[in-house]
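Notebook, surface and pocket look-ups. I went through one model and noted what I found.

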Amino acid sequence: ATVSAMSEKDGNTTRGAGLAVVRVGTGEVLALVSYPMYDLAAYIQDNTYKAQLNTDESRPLVNRATTGRYSPGSTFKPLIAVAALEEGVVTLSERIMDSGRWYYPDIVAGTRQWWWNCWNRAGHGRLNVTQAITASCNTFFHELGYRLGIEKIDEYAEAFGFGKSTGIEIGDNPGLLAGPEEREARGEVWYGGDTVQAAIGQSDNLFTPLQIANYIATLVSGGKHYDAHLLKTAKTYDNSQVVAVGNKEPSNIVNISDSTLDAVKTGMHNLTKTTLAPYFNNCVVEAGAKTGTVQLGSEITNNGCFVCFAPYDEPEIAIALVIEQGNAGAQLASTAVSVINAYFTPDETETAVTGDNQLLP
């Protein structure tokens with residue numbers, strides 16, 4: 001509904017969207033949505049319909065949830081916060097000044113001074129890490145990216161599952177993890193400025209909604225990273241014996257201290273009580289969230305990216321949603337709240353499920 005409303009407003013009928021919902025602590029994929037959708041039965045039976053889909057500029061045959069690659073934007077900032085706190089390059093109490101612009105240090109005398117604006121040109125003043133997550137302060141995370149360096153950023157990003165397959169049985173795209181090695185493979189140069197842009201989810205970073213959802217699930221679980229999977233159990237033809245089960249052990253553990261986890265989760269929770277309160281006031285459980293507005297160039301409307309988890313105290317699900325040229329991540333909040341409410345409201349859940357051993361349409 002959100003995508004349709006946007007398309008009606010601006011006339012862009014080729015935009016798509018992808019959504020993934022992952023169960024925290026197991027890696028179970030609870031939902032995958034790719035938009036625009038199509039009629040599978042008609043695709044199989046009708047060659048004319050198939051030909052139309054193959055030439056459709058909106059690319060309905062692309063599973064955007066598992067193979068669509070998008071910059072995560074500011075939804076990447078909680079990962080940077082974890083890395084910076086765990087590596088000791090920032091403390092919970094340190095407050096970094098944001099005057100609205102971050103200047104790159106170590107500039108050789110007489111050369112050009114490089115700088116980047118915060119999205120809030122007036123600046124946020126002095127912030128600690130929790131406040132910086134809530135405010136999505138670019139200056140704060142540029143500084144953390146500079147202190148960490150791209151090698152350490154990539155080390156944590158890989159541990160959270162970026163730049164490789166999620167493990168889902170239907171196959172997916174490994175995405176693209178920004179860094180010198182990948183850049184040099186294309187015959188190009190990696191600069192220090194690329195590192196600070198990567199720290200706010202820009203630069204060359206390209207990830208799938210499923211990867212992003214699984215990263216949030218890993219984070220709020222305290223660092224337990226599971227392969228994403230659709231298979232829960234497989235039984236013999238007569239249902240008498242379980243012959244296989246989905247992976248029940250994490251593929252790796254990201255070291256996240258309790259204080260780090262609390263600081264990051266609190267920053268995401270505070271966002272739902274401030275900027276996003278108009279949407280989350282209707283949420284049936286307490287949640288945490290992070291918006292991402294992904295710049296595509298001055299002539300192209302930004303992508304919108306949004307992540308959230310719920311409930312806040314003991315997270316059960318993690319959600320990632322991307323809408324192409326959705327402008328701002330905050331505009332996706334209402335859709336995410338609808339997903340949370342559907343999951344945690346028994347009546348709505350019961351109407352959505354047809355029963356065990358049923359083929360869903």
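I looked up Leu61 and found it in the loop between helix H3 (47-55) and helix H4 (64-67); helices (H or I, at least four residues) and strands (E, at least two) are DSSP runs numbered from the N terminus. The model is predicted, so I note that local features need pLDDT of at least 70 and side-chain atom pairs pLDDT 80 or more, while totals for chains, interfaces and linings use all residues. Residues are numbered from 1 along each chain as its sequence is written, and side-chain values use heavy atoms, without hydrogens and water.

Leu61 counts as partly exposed because its relative accessibility is 32% (buried is under 20%, exposed over 50%, partly exposed in between; 1.4 Å probe, protein chains only). I then listed Leu61 with Tyr38, Leu40 and Ile44 in a nonpolar surface patch of about 370 Å² accessible area together (Shrake-Rupley). Patch members have over 30% relative accessible area and no salt bridge, and nonpolar side chains are joined within 5 Å; a salt bridge is a Lys or Arg side-chain nitrogen within 4 Å of an Asp or Glu carboxyl oxygen.

Next I checked helix H7 (residues 138-148), where nine of the 11 residues are buried, among them Phe140, Phe141 and His142. Gly149 follows H7 and has a positive phi, near 85°.

Last, I took the second largest pocket. Its lining has 27 residues, and Ser74, Trp119, Ser136, Asn138 and Thr293 lie nearest its centre (lining residues have an atom within 4 Å of a point on a 1 Å grid; a pocket is an open set of points where a 1.4 Å probe fits, with protein on both sides within 12 Å along at least five of seven lines).

Definitions and conventions. Patch = residues over 30% accessible without salt bridge, like charges linked within 9 Å, V, L, I, M, F, W, Y side chains within 5 Å. Areas by Shrake-Rupley, 256 points an atom, 1.4 Å probe, with all protein chains shown as cover.
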